[in-house]
Amino acid sequence: MDKQNVQMNDPHPGTQLPGPPGYTGYPGTQAGYPVPPAGYSGAGPVGFPVPYQPVTSQPGVPAGVPWMPAPPPPLNCPPGLEYLTQIDQLLIHQQIELLEVLTGFETCNKYEIKNSLGQRIYFAAEDTDCCTRNCCGPSRPFTIRILDNTGREVITLERPLRCTSCCFPCCLQEIEIQAPPGVPVGYVTQTWHPCLPKFTLQNERREDVLRITGPCIVCSCCADVDFEIKSLDDKYVVGKISKQWTGFVRELFTDVDNFGIQFPLDLDVKMKAVMLGACFLIDFMFFEMTRSEQRAGVW
């Protein structure tokens, strides 16, 4: 494992990724943030099946893992994204579903999103029906709802049903990031390439901001897999999304994955949220496989 991967796992990173010559910081928060749609309350839909409690001392919340204190919200920051203003790393840990491990029956994915100190920032849960999950598999359209420590839904990820074959460049993968729900702040679109995983990060006006490039062979066997976040001209690496190796037993018998995201500290919080959406899209496209597929050797 190289030094960069070690830094991703280090809970006290001491350095930042280098920027281009004359680097003075990435785009700040954008003025004129639209008002949330009428009727928005911040909470998820009634009856949303997330076994979630915002207070760690109550039943239903894993003990011993503190929540990150909410910093004061800066100006023009979407509600709930103030947590992202003070961090340059995110760790995404997918929770193990016992029913899925024992039966192979695909259940809704759930994730803990933490900072580099191990403090929880958000809790994310997939909201799809049983038929979609088990018929469409990892290609399924989904809604992922991301909640903060008060139980308020602050980010919504919407992935439509799209083609997964590189032979059909007119219908490639895409995910929309909303913060708060109903207000798009950015998009992640797949860029056609015959052998490399490539994506473009866009702002709410569909303007290209950054690019993501993955390895030619996306293999998570005994090593981390890095997807580099680059400038539009591909000259400078400004961050990365890493699928972290979790061990042979866990990789073989489950589709549970851990990811790390690294980005500049002063990057616009909206683009940090877009990178989070890119991480989930990459997970479903390349690493969300059933046990039978893994045993058959599809890595």
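Trainee: What joins the side chains of Tyr111 and Asp283?
Mentor: In this predicted model, the side chains of Tyr111 and Asp283 are joined by a polar contact of 3.3 Å. The cut-off for such a pair of N or O atoms is 3.5 Å, and the value of 3.3 Å falls within it, so the label applies.

Trainee: Why is Tyr111 called buried?
Mentor: Its relative accessibility is 1%, and because buried means under 20%, Tyr111 belongs in that class. For the protein chain as a whole, 49% of the 299 residues count as buried.

Trainee: Where does Tyr111 lie, and what does it touch beyond four places away in sequence?
Mentor: Tyr111 lies in strand β2, which covers residues 110-114, in a chain that has six helices and 12 strands. Leaving out residues up to four places away in sequence, Tyr111 touches, among others, Ile92, His93, Tyr122, Phe123, Phe280 and Phe284, a contact being heavy atoms within 4.5 Å.

Trainee: How many residues along the chain separate Tyr111 from Phe123, and what is the distance between their C-alpha atoms?
Mentor: They are 12 residues apart along the chain, with their C-alpha atoms separated by 5.9 Å. Across the protein chain, residues 24 or more positions apart account for 52% of the contacts with a separation of 6 or more.

Terms used: Residues numbered from 1 in each chain as written. Predicted model: local features only at pLDDT ≥ 70, side-chain atom pairs only at ≥ 80, totals over all residues. Heavy atoms only, no water. Helix = DSSP H or I, 4+ residues; strand = E, 2+ residues; numbered from the N terminus. Buried < 20%, exposed > 50% of the residue type's maximum accessible area, 1.4 Å probe, protein only. Polar contact = N/O pair within 3.5 Å; in protein donor to acceptor, adjacent residues only side chain to side chain.
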